[in-house]
Amino acid sequence: MSEQAEIATPAGPSRPVARIAWVVLVVLTAGYAVNHVAGIATFSDNDTDRLMFAVFAGLNVETLIILLLPYRSRRFWAWAVTWVSVAVFAVCPIWVEPPIGLFYLGTAVVLAAAQLAALPDFIRAGKRGGAPDR
């Protein structure tokens with residue numbers, strides 16, 4: 001494979017592992033965004049539940065926008081900010097009872113693995129000067 005093919009383009013991640021990681025992040029985040037928006041109307045029976053679903057929906061929509069725009073350009077700040085969503089999923093078992101809380105914890109592990117799989121692309125972009133904010 002030529003060196004030119006190895007260099008990341010602004011259109012998205014360069015390595016197959018990073019591409020798969022990005023797809024995993026997008027699919028899980030979009031799925032949870034839809035789930036939480038639906039939860040506002042269907043699963044919540046009090047204001048506290050509606051607020052929780054709304055906050056999670058907002059976090060997931062914001063993360064999805066970051067994943068679709070600056071994350072694909074390998075802006076290092078986008079990679080760092082995406083960890084907020086991972087952290088929120090990881091602490092869910094504190095507020096949400098099992099088995100749903102543990103499901104969120106499992107999702108956090110998958111999101112964290114995807115984030116770490118994408119890190120080499122962000123480091124490579126930073127070394128090439130492709131991430132001006134770093």
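This is a predicted model: local features need pLDDT of at least 70, side-chain atom pairs count only at pLDDT 80 or more; totals for chains, interfaces and linings use all residues.
Local features need pLDDT of at least 70 and side-chain atom pairs pLDDT 80 or more, while totals for chains, interfaces and linings use all residues. Residues are numbered from 1 along each chain as its sequence is written, and side-chain values use heavy atoms, without hydrogens and water.

Helix H3 covers residues 47-68; helices are DSSP runs of H or I with at least four residues, numbered from the N terminus. Its 22 residues should span 32 Å at 1.5 Å a residue, and the end C-alpha atoms are 31 Å apart, which agrees. The expected span is 1.5 Å times one less than the number of residues. Asn46 caps the N-terminal end of H3, with a side-chain oxygen 3.1 Å from the backbone nitrogen of Thr48. Among the buried residues of H3 are Phe53, Phe56 and Leu59, where buried means under 20% relative accessible area, exposed over 50% and partly exposed in between (1.4 Å probe, protein chains only).

The structure holds 10 aromatic pairs. Rings of Phe, Tyr and Trp (its six-membered ring) pair if their centres lie within 6.5 Å; planes under 30 degrees apart are stacked, over 60 edge-to-face and the rest tilted. Tyr32 and Phe89 pair edge-to-face, at 4.8 Å centre to centre and 75° between the planes. This pair links helix H2, which holds Tyr32, to helix H4, which holds Phe89, 57 residues apart. Both Tyr32 and Phe89 are buried. Phe43 and Phe53 form a tilted pair, at 6.2 Å and 35°. Phe43 lies in the loop between H2 and H3 and Phe53 in H3, so the pair ties together parts 10 residues apart in sequence. Phe43 is exposed, at 54% relative accessible area, whereas Phe53 is buried, at 11%.

How values were computed:
Helices (H or I, at least four residues) and strands (E, at least two) are DSSP runs, numbered from the N terminus. A polar contact is a pair of N or O atoms within 3.5 Å; within protein, one must be able to donate a hydrogen and the other to accept it, and residues adjacent in sequence count only if both atoms are side-chain atoms.
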